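Welcome! Have a look at the sequence and the model first, then try each task before reading on.

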Amino acid sequence: MSLATSPLSPQRRRFLTDGARMAGGCLMAGSGLTWLAQDARALPANALRPPGALGEDVFLAACIRCGLCVRDCPYDTLSLARLGADGPATGTPFFTARDVPCEMCDDIPCVAACPTGALDQGLASINEARMGTAVLVDQENCLNFLGLRCDVCYRVCPVIDEAITLELSHNNRSGHHAIFAPTVHADRCTGCGKCEQACVLPEAAIKVLPVRLARGASAEHYRKGWEEMQENGGPLVDGIIDLPDRLPGPGTDNLAAPGGFEPTFKLPGAGQ
Amino acid sequence: MKPTTAAPIGREAIEARGWLAAHRFLILRRLSQVFFLALFLVGPMLGWRLVDGTLAGSRTLGVLPLTDPFVALQGIVAGHWPEAAALSGALIVLAVYALIGGRVYCSWVCPINPVTDAAHWLHDRFGLQKGWQPRRHTRLWLLGTVLVVSALTGTIAWEIVNPITMMHRAIVFGAGFAWALVLLVFVFDLAVSRRGWCGHLCPVGAFYGILGRKSLLRVTAARRAACDDCMDCFAVCPENHVIAPALRGKDGATPLILSPDCTNCGRCIDVCSVDVFAFTHRFDNHVEATPNPPPARAGTRAA
Ligand code: SF4
Ligand code: SF4
Ligand code: SF4
C-alpha cells in the first residue's frame, strides 16, 4: 500500500523520462535510417555490379565500400557511387555498360581485391560471371533486324558464338534476303556490356540489364514433354491416347488419325 | 573570478612556454589527420600504391588489410560473415585502438574532426549559446539503433549516412553531394549544438569509445596540486566531463583520466601553463606533490 501512495522518487522519474525520450528519439532515427536503407536497395537498371557480386539482397550487408575493386580494375570500369550523383547505394561499386564495359580479365583482379567476399571469391572463371544479361531490346531499330549486316554486338562479344549468335530467318520485306538476328543465350552471357557499349546506334538497341529484369523464370513444376520423352525413351505416362490432329482444309474429313488416315478423295485445288 | 580564469583560453600557457609548445599536440594532431588522408591520396594522385581503399577498408602496400571494425560488425549483424582479409583487418584495428585508446581515432585520424573543431572554433568566436545538448550517452543509444537497423534491413546501415566515410570517399574517390552532409555536420555543431556531433551523437565515436575502455595510453593529471583553476583545460576539452574526476579527485583518487570518452587529443596538456597533465599508461597512478602550492588556492576552493 505504501507503493500505491508513495510518488516516484525524482531520480527514478528522471530516469524513466530520460529513457522514454531516448527510446523515442532512437525510434525516430532508426525509422529514418531503415527507410534510407530500403531506399538504398533500389539499384537503377543501367547500373551493373562487378563480376561475382553477391545478389543485391545481400550485397549491401557484405560490401564495406572500400573501393579496392575499383582501384584494382585495370580498365577503370568500376567506380564507387557518389552520393546524389549516381544511382546505386552511395559508396558501392558499379559500372555502366554503355560507358565502360567490363573487359572480362582472366585473373579477375576486382574479385581478388575484395576483402569481404561481397565479390564471391568462388568465381573460378570470368566466363561464369553474371553481371547482367544482354537483351536486344529494340528490334525495330537494330540494324541487323532491319536486314542489314551490322553485326557489331556479335563481333565484340568475348564469348562470341556462345553468348550471342546470329540466327538466320527469311527477310519478308525484301522477299529474297536473310535477317541475321543477334540472339543472346542467357546461360552463357556474362553481362560484360561490350555489346551494349559497341552498338552503333545513338541509343543502344542491345542493352545489358540486371538479371532480375532481363529474365523470366520457368515454374518449378514445368516439364518439357519432348525433353522428358527423349530422356525416358518414351512417354512418362502409359496409356496416353493420341488424339487426331486437326489439319488445314475444308470439310469434316480433314483429320489425320494416328495410324495414317488418308482421305479417300482430294478436293481439286484444296491444297491437300 | 580569478584573473587566470578570466584570461583568454591558453594565454598563460603561451606566455609560459611559447605558442608552438602550447599548441604542440594540436599541431601534431592536424599533421596526423593530413598524414592519414595523404596516405590514401598518393595512390590516385601520384600513382604510388601505398594505401588503397578508404577508411572503411584498406590495403597497405598490397598486403596489410585494415577494416573499420564498426563497419565489419554491422556487416556481421546484417548477416554476412566477411572473408579472412576483412576479418583480420578488423581484428588488427580493434587491437591497436584497444591499446592506444579507441577515440584516438576521433582526434587523430577521423576527417570529420577538423570540421567539427572548426565549427567549435567559430562557435566560440561568435560567443554562441551552447544550444541543444542531448545527453552524452545519446550516441550509445544511436549505436544500438544502428546495429538494430543493420540487422533488420540486412544492410550496413550507418554507411548509408556516415559523414566520416562519406567525406573520406569524397576526397579519395570523388564527391557527388557528400559535401552537403559534411556541411550539415558543420552547421549543426556551429549553430544548433555545441560539440554536438562528435560529443553527443556520432555512433562511430561511441563504438571506438567502448573499444578503448581499457586502453593503455591515458592522460594523467599527476600534477593536479599545481592547478591554478584557470579552467582552460575544461574550455578546450571536447569531452570536458572527463577531466573533473581526475583533476578534482580527492586524495587517493586516481589522477588518470579513465573515461572512455577521452579522445587522447592532448589539448589539455597543451593549454595548461603549470603542466598538470601528461600522457602516461593506465597503471601509472602516482600523484605529484606541488613544489610550492599557490597561496590563493585555499581561497578559490572555498568560494
Ligand atoms: S573483370 Fe576486369 S575489367 Fe571487369 S570489372 Fe573486373 S577488373 Fe574490371
Ligand atoms: S572490394 Fe568488395 S567490399 Fe570493397 S567496394 Fe568492392 S565489392 Fe565492396
Ligand atoms: S554482355 Fe554482350 S558482349 Fe558481354 S557476354 Fe553478353 S552478349 Fe557477349
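**Exercise 1: Where two chains meet**

Task: find how many residue pairs are in polar contact across the interface of chain A and chain B, and which elements of chain A take part in that interface.

Solution. Step 1: the rule gives 13 residue pairs in polar contact across the interface of chain A and chain B, both residues at pLDDT 80 or more. A polar contact is a pair of N or O atoms within 3.5 Å; within protein, one must be able to donate a hydrogen and the other to accept it, and residues adjacent in sequence count only if both atoms are side-chain atoms. This is a predicted model: local features need pLDDT of at least 70, side-chain atom pairs count only at pLDDT 80 or more, and totals for chains, interfaces and linings use all residues. Residues are numbered from 1 along each chain as its sequence is written, chains are lettered from A and ligands numbered from 1 in the order in which they are written, and side-chain values use heavy atoms, with hydrogens and water left out.

Step 1: on the side of chain A that touches chain B, the elements giving two or more residues are helix 2 (10-40), helix 3 (56-62) and helix 4 (68-72) of chain A. Helices here are DSSP runs (H or I, at least four residues), and strands are runs of E with at least two, numbered from the N terminus. Helix 2 of chain A supplies the largest share, 14 residues.

Step 2: that side of chain A divides into 23 nonpolar, 11 polar and eight charged residues. Ala, Val, Leu, Ile, Met, Phe, Trp, Tyr, Cys and Pro count as nonpolar, Asp, Glu, Lys and Arg as charged, and the others, Gly among them, as polar.

**Exercise 2: A salt bridge**

Task: which side chain of chain A does R59(B) meet in a salt bridge?

Solution. R59(B) meets D72(A), at 2.9 Å from N to O. The rule (a side-chain nitrogen of Lys or Arg within 4 Å of a carboxyl oxygen of Asp or Glu) finds three salt bridges across the interface of chain A and chain B.

**Exercise 3: Two ligand shells**

Task: which residues come nearest to ligand 2, and which are closest to ligand 3?

Solution. Step 1: ligand 2 has 13 residues around it (a heavy atom within 4 Å), and C63(A), C66(A), G67(A), C69(A) and C114(A) come nearest. By class, this shell has 10 nonpolar, two polar and one charged residues.

Step 1: 13 residues surround ligand 3, the closest being C157(A), C189(A), C192(A), G193(A) and C195(A).
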